[in-house]
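Subject: Structure for you to look at

Hi there,

Here is the structure I promised to pass on.

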Amino acid sequence: MAAPTFDVFSNFQNIINGQLSDTAEKRHGINPATGEPNPEVPVSTREDVDNAVNAAQEAFITWSDTPFPERQKVVLAFADEYEKHADEFIKLLVQEQGKPLFLATMEVHGSVNYLRETTTLAESLKDQVLQEDDSKRTLLRYTPIGVGVSIIPWNFPISIFCQKLAPAVLTGNTVILKPSPYTPYTALKLGELAQGFFPKGVVQVLSGDEGLGPLLTAHPGVDKISFTGSSATGRKVMEAASKGLKRVTLELGGKDAAIICKDIDIEAVAAKVATFAFINSGQICTAIKRVYVHEAIYEQFLSAAAAFTKNIAIGPGDQEGVFMGPVQNSMQFDKVKTFFAEVGEGDLARTNGGICSDKPGFFIKPTIIDRPDEKSRIATEEPFGPIVPFMSWSEEKDVIGRANSTRMGLGASVWSNDLEEATRIAGKLQAGSVWVNSHLDLDPKVPFGGHKDSGIGTESGVEGLKGWCNVQSLFLKK
């Protein structure tokens with residue numbers, strides 16, 4: 001059967017075995033800037049899951065045997081077509097996720113680049129000769145795992161879709177992508193667009209409610225799960241995967257520390273740190289979530305960061321000049337509000353922070369908390385919203401210990417004009433990604449993952465590709 005003709009954003013259906021597939025039950029997301037409902041989307045059933053897994057298993061037989069250069073061409077052709085629809089995807093992303101136009105534009109074009117860049121890593125997966133003599137030849141091979149399930153969060157529904165799609169299919173796996181119930185729209189459309197390029201059953205997308213994830217992770221026909229989300233849900237995914245010994249990649253929560261040394265340009269670094277704390281309304285796993293400032297410059301730095309924060313433009317993402325949109329959904333909005341119970345009026349006044357009462361939707365003003373108790377929730381938990389604690393330090397060993405005191409270990413940054421000092425501190429931080437004089441600087445060719453409770457395995461780069469492969473040792477007796 002022919003693949004569906006791509007419909008530009010007026011109809012949202014599942015993609016199963018190369019076809020649009022509807023369901024009897026429907027649901028809808030909410031535009032977080034207005035509180036108004038978005039269009040209806042399917043609520044997938046157990047039968048839908050079974051059908052998708054069966055189709056993926058069948059497609060795996062031929063897709064896994066397709067030469068890498070051919071799979072590479074398909075991904076590149078898909079990226080080219082996706083780029084032609086960039087403006088429509090940007091508009092839809094703002095509507096479903098709430099992020100501002102500049103960030104939606106970065107996400108859409110960045111994800112096109114991710115697809116293309118990942119195709120360039122093919123050489124790393126070629127068969128390697130480990131030993132060879134007159135009697136034998138020993139090879140190291142990377143073979144596809146089988147049927148994958150990729151579970152996508154609501155904060156970056158397009159970029160993480162592409163981040164999971166590209167390595168899965170390039171390595172010869174088939175993949176079922178499950179977007180968040182809060183942001184299903186762009187994923188369904190990307191899946192629909194993909195049908196014009198991938199054989200049926202290779203790329204499928206299922207929309208659903210909170211019951212869909214467990215159906216997929218527990219399914220006996222699934223061989224690999226790639227999950228991005230909270231550490232609490234990641235534990236449940238791993239538990240479900242363990243029953244079938246499924247491979248897992250988990251990219252989970254973070255409590256990223258930024259350590260500010262005393263010899264920096266205070267105004268410039270304060271602006272950058274505030275930007276990396278409040279971008280996407282703080283809804284980034286690797287956003288700055290704790291700031292440790294050397295006591296010699298603490299008051300100056302705090303004042304500079306607060307002054308910058310006061311001028312952050314807040315509003316609906318489709319308005320020009322907006323830097324910070326709403327929190328994405330009512331559940332997260334209510335969670336972030338609980339952190340304000342520990343906040344004094346002085347902290348709110350410092351940045352004009354707090355809950356927005358003059359706008360519809362889920363808006364929270366960016367808020368800096370001045371030296372909270374380091375055992376408080378804001379200092380120890382991840383709010384995943386625009387509220388960030390600032391704390392002071394004086395001894396290097398002490399601040400490294402405080403930065404490492406959390407069970408999370410996703411990202412961290414060190415800011416200093418003394419690169420020797422910065423490198424020394426950075427090397428002792430327990431995090432998967434550590435930046436010096438930057439933050440959130442990601443690259444499709446560089447592995448990304450977490451330490452401790454922030455995840456298992458990596459995505460992106462050669463290591464991300466290998467995460468979708470079995471390692472095989474092939475012994476050839478001459």
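A quick word on terms before the helix pair: an axis here is a line fitted to C-alpha atoms, for helices over the stretch in contact, and angles run from 0 to 180 degrees between N-to-C directions. Please also keep in mind that this is a predicted model.

With that in hand, take helix H3 (residues 86-97) and helix H4 (residues 101-118): their axes come within 9 Å and cross at roughly 130 degrees. That angle makes H3 oblique to H4, since angles over 145 count as roughly antiparallel and 65 to 115 as roughly perpendicular. The crossing of H3 past H4 is right-handed.

Which residues make the contact? On the H3 side they are Ala86, Phe89, Ile90, Leu93 and Val94. H4 brings Leu101, Ala104, Thr105, Glu107, Val108 and His109. Sorted by class, the contact has eight nonpolar residues, two polar and one charged.

Now for the protein as a whole. It has 16 helices and 25 strands. The radius of gyration is 23 Å, which agrees with the value near 23 Å that a compact globule of 478 residues would have. Along the principal axes, the C-alpha atoms fill a box of roughly 70 × 60 × 40 Å.

How much of the protein counts as buried? The figure is 57% of the 478 residues. As for contacts with a separation of 6 or more, 73% of them are between residues 24 or more positions apart.

Technical notes: Residues are numbered from 1 along each chain as its sequence is written. This is a predicted model: local features need pLDDT of at least 70, side-chain atom pairs count only at pLDDT 80 or more; totals for chains, interfaces and linings use all residues. Side-chain values use heavy atoms; hydrogens and water are left out. Helices (H or I, at least four residues) and strands (E, at least two) are DSSP runs, numbered from the N terminus. Angles under 35 degrees count as roughly parallel, over 145 as roughly antiparallel, 65 to 115 as roughly perpendicular and the rest as oblique. A crossing is left-handed if the near helix is turned anticlockwise from the far one by less than a right angle, and right-handed if clockwise. Contact means heavy atoms within 4.5 Å. Ala, Val, Leu, Ile, Met, Phe, Trp, Tyr, Cys and Pro count as nonpolar, Asp, Glu, Lys and Arg as charged, and the others, Gly among them, as polar. The radius of gyration is taken over C-alpha atoms; the globule rule is 2.2 Å times the number of residues to the power 0.38. Buried means under 20% relative accessible area, exposed over 50%, partly exposed in between (1.4 Å probe, protein chains only).
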